[in-house]
Amino acid sequence: MTVYFIGAGPGDPELITVKGQRLIRSCPVILYAGSLVPEAVLAGHGAEQVVNTAELDLEQIVALLAGAHGRGQDVARVHSGDPSLYGAIGEQIRHLRRLGIPYEVVPGVTATAACAALLGCELTLPEVSQTLILTRYASKTRMPEGEALGDLARHRATMAIHLGVSQLAKIVEELLPHYGADCPIAVIHRASWPDQEQVTGTLGDILPKVAARDFRRTALILVGEVLAAEGFADSSLYRTDHAHLYRPGKAQPPRG
């Protein structure tokens with residue numbers, strides 16, 4: 001018996017891995033986070049027990065997992081996006097370890113990847129940004145020392161900010177001294193869902209644009225020069241004179 005923590009992706013039912021889909025269709029027990037995972041992700045399942053955990057607390061969820069373990073039944077524990085990022089699986093895993101229940105984590109497509117796809121951009125560009133910071137805005141959960149938004153913004157790297165659209169004004173205020181008012185920003189609401197929306201602009205003009213759309217939750221904020229970069233250098237990977245294992249360079253003529 002194994003508990004499989006499955007990343008269902010950002011919303012589009014087709015953005016789940018083949019492995020994740022196979023497990024959902026084969027496990028006799030499914031626990032899914034119904035507030036963020038669409039029921040269409042569960043299509044084709046043959047489970048005996050399907051539970052939407054949106055209204056359950058941790059103890060109730062662990063009790064369901066322990067019950068399945070006692071019956072020798074595999075569990076598809078389905079989370080949105082990739083479960084390793086803000087998936088709240090850490091506390092579940094801690095209980096499973098204590099109870100001696102086997103588990104496995106199955107990765108999923110992240111919200112950040114879905115947002116970049118929607119915008120049609122690359123988040124790491126040569127000589128513009130080679131670093132992507134995934135973070136969140138401190139609200140109910142405090143940030144560890146050194147991880148405040150201002151501390152991270154000093155790097156001027158591409159940044160994906162989760163769980164912060166309701167605090168967008170404060171986020172912009174903290175980013176402005178480091179990125180500048182002309183820095184591109186995008187706010188993507190429900191990326192990959194049928195009702196997905198996006199607002200793009202700069203740190204100087206984004207606030208009224210987002211206010212007009214009234215995004216309250218389930219939105220990701222992307223910040224960085226990569227969102228509007230044009231004059232960046234080509235990657236060396238496909239450069240004509242760049243030799244590597246799969247494309248050896250021309251042999252040099254003998255000297256003398």
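These legends go with a set of close-up views of one predicted protein model.

Local features are kept at pLDDT of at least 70 and side-chain atom pairs at pLDDT 80 or more, while totals for chains, interfaces and linings use all residues. Numbering starts from 1 along each chain as its sequence is written, and side-chain values use heavy atoms, with hydrogens and water left out.

**Figure 1. The whole chain, before zooming in.** The protein comes to 7 helices and 10 strands; helices (H or I, at least four residues) and strands (E, at least two) are DSSP runs, numbered from the N terminus. Its C-alpha trace spans about 75 × 60 × 40 Å along the principal axes. Of the 256 residues, 39% count as buried (buried is under 20% relative accessible area, exposed is over 50%, partly exposed is in between, using a 1.4 Å probe and protein chains only). Take the contacts (heavy atoms within 4.5 Å) between residues at least 6 apart in sequence: 67% of them join residues at least 24 apart.

**Figure 2. The aromatic pair.** Search the whole structure and you get 1 aromatic pair. For rings of Phe, Tyr and Trp (its six-membered ring), pairing takes centres within 6.5 Å; planes under 30 degrees apart count as stacked, over 60 as edge-to-face and the rest as tilted. F5 and Y103 have ring centres 6.3 Å apart and planes at 75°, so they go down as edge-to-face. Since F5 sits in strand β1 (residues 3-7) and Y103 in strand β5 (residues 103-106), the pair ties together parts 98 residues apart in sequence. F5 is buried, at 0% relative accessible area, whereas Y103 is partly exposed at 28%.

**Figure 3. V187 and A219, in contact.** Skipping neighbours within four places in sequence, V187 has contacts including V165, L168, I206, F215 and A219. A219 is found in strand β10 and is buried, with a relative accessible area of 10%. With the neighbours within four places left aside again, A219 is in contact with L163, V165, V187, I188 and H189.

**Figure 4. R136, a buried arginine without a salt bridge.** R136 is found in strand β6 (residues 132-136). A salt bridge would need a side-chain nitrogen of Lys or Arg within 4 Å of a carboxyl oxygen of Asp or Glu. Buried R136 has none, and the nearest side chain of opposite charge, E147, is 9.2 Å away (Lys and Arg count as positive, Asp and Glu as negative; His and the chain ends are not counted). Not counting residues up to four places away in sequence, R136 touches Y86, T141, M143, I161, H162 and L163.

**Figure 5. R190 over a tryptophan ring.** R190 lies over the face of W193, at 4.1 Å from the ring centre. The label calls for NZ of Lys or CZ of Arg within 6 Å of the ring centre and within 35 degrees of the ring normal.
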